[in-house]
Amino acid sequence: MSINFDKALGIHEQSLLFRGQRAAVLANNIANADTPNFKARDLDFAAVLQAEQSGEGRSFNATQTHSQHMNAESLIDQAAGLRFRTPLQPAVDGNTVDSQAEQAQYADNAIRLQASFTFLNSKFSGLMTALRGE
C-alpha cells in the first residue's frame, strides 16, 4: 500500500506556502512604508483558495518567446490573489502603507504560519508512527 502525500497532508502544505508568500508581501509593505507613491498590496486567501479549488490558478502558463515581449508576472500575481490594499487614510505623498496595520497583519500571518507548520508536523508524526507500525 502506497502513501499519497496529497491526501495525507491535506491543505496544510499549500497553506504553509501561501503564508510564506504573504509574509514576503507584508514585509515588502513594511519596508516601503516611507517610499513615496508606494501602494500596499496583500494576498487574498479566499481568492487563492478558490483558484486552487477550481483549477484557475494553475491554468495560466505564459512563455516569453521574444526578448521584447511584456513580462507576464503581474498577470500571474493578479490571478494568484495579489491585490492592492484599499487605504483607510492615504498619505499626502501617495503612499498607502499603514505601518501599524501592516505589522498587525504580519503578526497574524506569523501565527497562522506557525499553526499550519504545527498541523503539518503532526501529520508527519502520524505518518512516521504508521510507518514504524507502532
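Guide: For "domain: Flagellar basal body rod protein N-terminal", an unreviewed entry, UniProt lists residues 21-39; the record's positions follow the numbering used here, its feature names are shortened, and its annotations may be inferred rather than shown by experiment. The model is predicted, so local features need pLDDT of at least 70 and side-chain atom pairs count only at pLDDT 80 or more, while totals for chains, interfaces and linings use all residues. Residues are numbered from 1 along each chain as its sequence is written, and side-chain values use heavy atoms, with hydrogens and water left out.

Over residues 21-39 the chain is 58% helix and 0% strand, and the end C-alpha atoms lie 18 Å apart (helices, H or I of at least four residues, and strands, E of at least two, are DSSP runs numbered from the N terminus). Within this range, Asn37 sits in the loop between helix 2 (12-31) and strand 1 (41-43). Its phi is near 65°, a positive value in a residue other than glycine. Most residues other than glycine have a negative phi. Asn37 counts as exposed, at 54% relative accessibility; exposed means over 50% relative accessible area, buried under 20%, and partly exposed in between, with a 1.4 Å probe and protein chains only.

Arg22 also falls in the annotated range, but this residue is buried, with a relative accessible area of 6%. Arg22 forms a salt bridge with Asp42, the closest N and O atoms being 2.8 Å apart (a salt bridge is a side-chain nitrogen of Lys or Arg within 4 Å of a carboxyl oxygen of Asp or Glu). The pair links distant parts of the chain, with Arg22 in helix 2 and Asp42 in strand 1, 20 residues apart. Asp42 is likewise buried, at 13% relative accessible area.

Asp42 has a further partner: Arg85 forms a salt bridge with Asp42, with closest N and O atoms 2.5 Å apart. Arg85 lies in the loop between strand 2 (82-84) and helix 5 while Asp42 is in strand 1, so this pair ties together parts that are 43 residues apart in sequence. Arg85 is partly exposed, at 22% relative accessibility.

Asn109 is buried, with a relative accessible area of 1%. Also in helix 5, Arg112 and Asp108 are 4 residues apart, about one turn of the helix, and their side chains meet in a salt bridge at 3.0 Å, N to O. Arg112 is partly exposed at 41%, and Asp108 is partly exposed at 28%. Salt bridges that share partners join Arg22, Asp42, Arg85 and Glu102 into one network. In total, the structure holds 4 salt bridges.

As for confidence, the protein chain averages a pLDDT of 82, and 84% of the residues score at least 70; pLDDT is the predictor's confidence in each residue, from 0 to 100. Confidence is highest in helix 5, at a mean of 91, and lowest in helix 4 (residues 73-79), at 53.
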